[in-house]
Amino acid sequence: MTNSFGEFENAKLFFLIGTNMTEAHPVASYYVKRAKLKGAKIIVADPRYQALAKKADIYAQIKVGSDVAFINGLMNVLITENLYDKKFVEENTEGFEEMKATVMKYPPEKAAEISGVSADLIREIARTMAAIKPGMLCYTLGITEHTCGKNNVMSTSNLQMLLGNMGMESAGVNPLRGQNNVQGACDMGALPNVYPGYQAVTDPKNKEKFEKAWGVNNLSDKVGLMIPDMMHELTTKKVRAFYIFGENLARTDPNITHVEHELESAEFLVCNDIFHTETTRFADVIFPAAAWCEDEGTFSSSERRLNRVRKIKDAPGQAMPNWWIFKQLAKRLGHDWTSNSAQEIWDNEHSMVAPAFAGIKYNRLEGDGLQWPCPNEEHPGTKFLHKDGKFTRGKGLFKGIEWTPPAEVADAEYPLVLSTGRRLVHYHTRTQTGRCGLDRVLDDKTGLNQMMSEERVDMSAADAQKLGVKHGEYVKVSSRRGAVKVRAKVTDEIPAGMVWMSFHFSEGNANWLCNNVFDPETKTAEYKACAVRIDKI
Amino acid sequence: MDASIKKIVARYPDEKSAIMPVMQHLQRENKNFLSEDAMDQAASVIGCSKSKVYGVATYYTMFNTQPVGKFHLQVDTCVPGFLHGADAVVEHLEKKLGIKAGETTKDGMFTLSRVQDLGSCATGPVIQVNDRYFENMTLAKTDALIEALKSGKEPENDPSMTVISKCGVLLNDRTQKDCRTIAFYKKNGGYQSLKKALTMKPADIIEEVKEAGVRGRGGAGFPAGMKWSFLPKNDSRPVYLICNADEGEPGTFKDRQIMEFNPHLVIEGIAISAHAINSKKAFIYIRGEFNWIADILDAAIEEAKKDGQLDNVDIVVHRGGGSYVCGDETAQIESLEGKRGNPRVKPPFPANSGLYGCPTVVNNVETLSSIPYIIQNGAAGYKKFGNPNNFGPKIFGVSGHVNKPGIFEYPMGTPLKEILEAAGGVKGKLKGVIVGGLSVAILTAQEAETLILDFDSCVKAGTALGSGGIMVVNDTVSIPELALRTIEFYHHESCGQCVPCREGSLVIEHKLHDLVHGKGKIEDIDLILHLTANIKGLTLCPTGEAFAVPIQAMVTKFRPEFEALVKR
Amino acid sequence: MSKTIIINGKECVFDGNKTVLQIARENGFYIPSLCYHEKLGPASKCRVCVVEVDGIRNLQTSCSTAATDGMKITTDSPRVLEAQRMVVNLLLANGNHNCMICEKNGDCELQDAAYHLGIELPAFVVEEHEDKDDSGAFIIRDGNKCIQCGRCIEACNRLVVNEVLDFGFRGGHTQVVCDGNKPMGDSSCVQCGECVQVCPVGALIEKKAVGKARSWEIQKVRTTCPYCGVGCQQELHLKGDQIVRVKGVEGAKPNDGHLCVKGRYGYDFIYSKERLTTPLIKKNGKFEEATWDEALDLVADKFKQIIKESGPDAIAGVSCARSTNEDSFYMQKLFRAAIGTNNIDHCART
Ligand SMILES: Cc1cc2nc3c(=O)[nH]c(=O)nc-3n(C[C@H](O)[C@H](O)[C@H](O)COP(=O)(O)O)c2cc1C
Ligand code: SF4
Ligand code: SF4
Ligand code: SF4
Ligand code: SF4
Ligand code: FES
Ligand code: FES
């Protein structure tokens, strides 16, 4: 996020697109609702008429996968009606003309045709955003989980730069990160192209720096594989050993049948985990790991805030902290690492090699933590990025972006669009939230399972009626890749022609159905759009 | 949204204000029952949570969230009703219908309830059937009423009582069939004051009203002109005027006499006052039980509008839902905003932040109805009535043990004795008098002897003029029983916000109940005095004081009666 | 500019706009207060926080009285204490405050008030009991302990804006209702627990904490929620190594005490008997327990073999977006420095 949660409550305008905060980031949604109580205007663009959409001042029910066209339509209005922030564009950005040329191809009528949002509403939204500033744009995976995810993301920053909503309080582009430490895993360089602190592996200076820091001379300057490619190469045997730390790829990745085939193909699979999962079934070796509360450490939240996590108990049995496991392996591979605690890893290693984190040390993290960038130990941390319109690369770059449809669209055989995501009471594949009842086992019927014990397919009353399906009744949902049996949940949140599911349950998991196609650059899967059909059973 | 609901919502600057009228509408459409569906519908129309709607619906007694019989017989057994023999009516009905109060007959025809004050004190016992009143009931008339209802006939009401107007300012000649019409009103000089006022500068009107020294008739006696001058100057927010027609204080039934028979007087008073304080929107907040009077007001406003009298202000009649506390100005504002009628913490005062956070003036019906006379006759004319600091005509209501209960418009400063004589004299031997509505200290027969009825004299005598609702108690009445009735009223009406009132009234009620039923202890009497002494001044709104004062007075002045109830 | 008020003869300096209660607290004076909550502001309902203000006849509620320069306050006069005692007695009279078996015992603001005012037993008793509502997955509502302070309602409507709670009924019958008076478990309540967090008494309690610990056995540890990317700060209430309950850290960034249902109630998995407790090696399609050395040697040997045969890029790894930074740091270091490949990723975009 360019900005902080603390800026939500006093924001004057929210533009929320592809984010269902109420369920995925509940505490963030409280602040949005509070801003609304204080008079902020809320604009929601989402295919689902979800809780915040219901509270919104303006709701645009966009079609799944039409974001680029919709945003281009907004920018078209801003430019043709001369409503954009000329000063900001002139002083702080580049590429305006190129972007404009593309945007001019999306007059509101055209955008309306693609997005299903009326041209009038597109105009109203653009005018509202131009009139009320600053405005905060937030998105979540509704933007990224498309084959055009990167384009969607760039469209959001185009829009905010055009409005001049950058580099100040309660403005900016704010992707709410899905998982507690997905921001941190990126910051730590658990990415194939960058070292810790976003330093490119292809830059020889960085290679040299890290070789020195780590006392090695064999660092690779070749960008590595991303998850879908790793998985694919398991079947070609180009990747022979696969090490999965914590993730339950067998249920979180699209097209489960295919994913399980890939995992099965691995010559050698190692897992660190705290439970057996659908994924560990394929492992050759499983290391038992310490969980949350069983080790010291830090998480980085969406707002770039480093927070401490603390140990309150020992890990059960012989389970050990993950870093310890990696350290032991490194030792067996001939590398003696000196750090003996999370604090030593952070203070003596990470903060020494990643300049944006150089000022962050454990002794500064006792209270509310620190937000990076924080280049030195006197630095108070950074509440919002790009202050005064200064971007990391110098000037903000506009990009002209063309709309592309999802890879799979509804047709006669699979007439419904399936979109997927998270629900409030469970998390991912329920390995943790499923075990929070009185018995603390997965099939417990108390606790969070009491609030939701099986998956449902959310559908519109119109489609339910057409199919003769009643609320609560079991139906078969199938795609070209698989089929699941789940109960129907008839709800006003879903427009006709669309259905919606989550991936929290092993059996009724949306990923049996999802399309394993990816954004060409980010390799993010198109979880948000595929074609399915529903049959009565 | 259906058209009638849309119309209701459109009357208000903020749609939230329409919660109660919308629910009243839905309840009427559904056999006097507000179902869960209806509440959900109201929530979605208004755009608020279900709990908010439920909270409002269950706050006000007139919403039936449980089904009731076709005819809901509600007998007022509050203090005036009690003095007029309402309990006998209830017992009679229980026997006749074969049900207890609070129950519904098997055939679903009748639900019987004991209710608190209905504002028909001189014409008790009174039975409210759905939204119609039947006054001056006797057991024989009760039988006839039931038979008529059973056979589907429209029974007649007998609202007769003594009406004497010595001043002729507020009460008109109600014996005239057309007394409510604008034609009648204008024939007698009506709307001349408004015409004159509209030519005057607002500040000059306020000056004149100040000069007249008119003190609020709602009970507190605050000078009206002074209240108006507290409004902030040079403020861009709209100003609202609320005419307080909640008339909930037991013993009080004066405002309805003006509204029911002389509605244009109130309307003219509102129009002039609105001009004086630069208000474009005024509300008449009338207690919901007075539904037919609200209809009269609605019709009169239509008439006045058609006659071109109301170009300077839009007047909306807003019906309450059955809550005494909503007579308090800040509770009334909350209620008008579509909320539970919980009084607000002051400051801020309504003059600065009232309805919708805007400057607001709340005045009683009788206060506003005095304004046309002042404009027409000047402060000097007004001051011909009454004594210094206590000017003007005043409507007194006399109920309880007198021979001719009724309504009396006399100058301020009239001796109590004179009013009681006008009311036909005390029936039996006088034991005590409550002169200002139930919330003031009772006077013993001896204390009452020389009382002068005006604000200052009453205070000097250790009581208050309040609303001028006089309840006469003769020696057939047990004071502990009267005290129990009194606390039952306040406990029933407490909004429940603050602890001393909510819990204090409960404990006092329990202890008085124990005493009256021979289960009390001497310590209970002291506990009651301890509680009343500490509750005074401790509550969020004046309601705590409104029961602490009369209970304390009854116990201290008639302590032997309480002690006699304790079994030794 | 600093201003001064005098409380019980002591000069108390303050800046800005503050209430008498706030200044009293800052200066170490205890004034019982039951409806006021810092996050919610004054409600002026309980009337227990009254004090004497020089020059004003009636007692004033300190929670809602703005302090003005030179104001003289008395918090401990017989008159004040008598009023306060009466209020607390009234609350104790009507309700089932059996502290001995109450989860809030020792952490209850009503109990504190009674204790400070020297009330041993309620001076008078009027009993009217309601049923408990334990239909919610995590929250038990006990109307018999509710003092109608309204904090839960304000919190639900103004802080988390879930708009579930309100007062229903009136006067002595006033009670907190969910939606149209539904059992909590059937209502639109999302079990965020904000109402529990602000409740001053034992009227809202955590189901999972019942019988687990007395308040004085509790140790508190601050940590970060393991679920979504908001990064809410939690206060773990521990007895030994067992989490008894989780609260949000008041005043902390970003959540100021708020949590969601997962953050507040999704903690038990760490104690699950289904946890993995020993390294496992698959032999003939079955997992067998192994020692660390066996398992680590096996993996290291296999890696070495593959590096030798196919180069480091034949090994790939996925790090965890749920675990700590330090774990991810060491995993990528393992891949880059020890194995020699950049084949390291995690579900960065999901
Ligand atoms: C509990 C309570 C009930 C009240 N009921 C009424 C009422 O029914 N009618 C009324 O005019 N004033 C009532 N008042 C007084 C109003 O708060 C307010 O003082 C009055 O309407 C102001 O008008 P006035 O100045 O013209 O008297 C009540 C006050 C309290 C505290
Ligand atoms: S004194 Fe308190 S409880 Fe009683 S009516 Fe007033 S505000 Fe409500
Ligand atoms: S748990 Fe949360 S949503 Fe439920 S009533 Fe309490 S505050 Fe409201
Ligand atoms: S449940 Fe708790 S917070 Fe809510 S009103 Fe009752 S005592 Fe107050
Ligand atoms: S408490 Fe809820 S909102 Fe906060 S970090 Fe945890 S999962 Fe996210
Ligand atoms: S804390 Fe001040 S009135 Fe309750
Ligand atoms: S100890 Fe106070 S409510 Fe239980």
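This is a predicted model: local features need pLDDT of at least 70, side-chain atom pairs count only at pLDDT 80 or more; totals for chains, interfaces and linings use all residues.
To see one of them, display B:K52 and C:D166, whose closest N and O atoms are 3.5 Å apart.

The elements that give two or more residues to the side touching chain C are α4 (50-59), α20 (479-493), α21 (499-516) and α22 (522-535) of chain B. Which of these elements gives the most to that side? It is α21(B), with eight residues. The residues on the side of chain B that touches chain C divide into 15 nonpolar, 18 polar and seven charged.

Chain B brings 40 residues to it, and chain C brings 37 residues. The size of an interface is often given as the accessible area lost when the parts come together. Between chain B and chain C, the buried area is about 3,200 Å², and carbon and sulfur atoms give 59% of this area. Highlight B:S51, B:Y54 and B:L538: these residues supply 19% of the area that chain B buries against chain C, more than any other three residues.

Proceed to ligand 2 and show the 13 residues around it. B:C495, B:Q497, B:C498, B:C501 and B:C541 come nearest. How is the shell around ligand 2 divided among nonpolar, polar and charged residues? It holds seven nonpolar residues, six polar residues and no charged residues.

Finally, turn to chain A and select its strands β12, β13 and β14. They form an open sheet in the order β12-β13-β14, with antiparallel pairing. The edge strands, each pairing on one side only, are β12 (297-300) and β14 (370-371) of chain A. Strands of a sheet pair through backbone hydrogen bonds, either parallel or antiparallel. In chain A, strand β13 (residues 305-309) pairs with β14(A) in the antiparallel sense over two bridges. To conclude the tour, select A:R305 and find the residue opposite, A:Q371 in β14(A).

Note on methods
Residues are numbered from 1 along each chain as its sequence is written. Chains are lettered from A and ligands numbered from 1 in the order in which they are written. Side-chain values use heavy atoms; hydrogens and water are left out. A residue is near a molecule or strand if one of its heavy atoms lies within 4 Å of it. Ala, Val, Leu, Ile, Met, Phe, Trp, Tyr, Cys and Pro count as nonpolar, Asp, Glu, Lys and Arg as charged, and the others, Gly among them, as polar. Contact means heavy atoms within 4.5 Å. Buried area is the accessible area (1.4 Å probe) that two parts lose on being put together, summed over both. A salt bridge is a side-chain nitrogen of Lys or Arg within 4 Å of a carboxyl oxygen of Asp or Glu. Helices (H or I, at least four residues) and strands (E, at least two) are DSSP runs, numbered from the N terminus. Two strands pair if DSSP finds at least two bridges between them.
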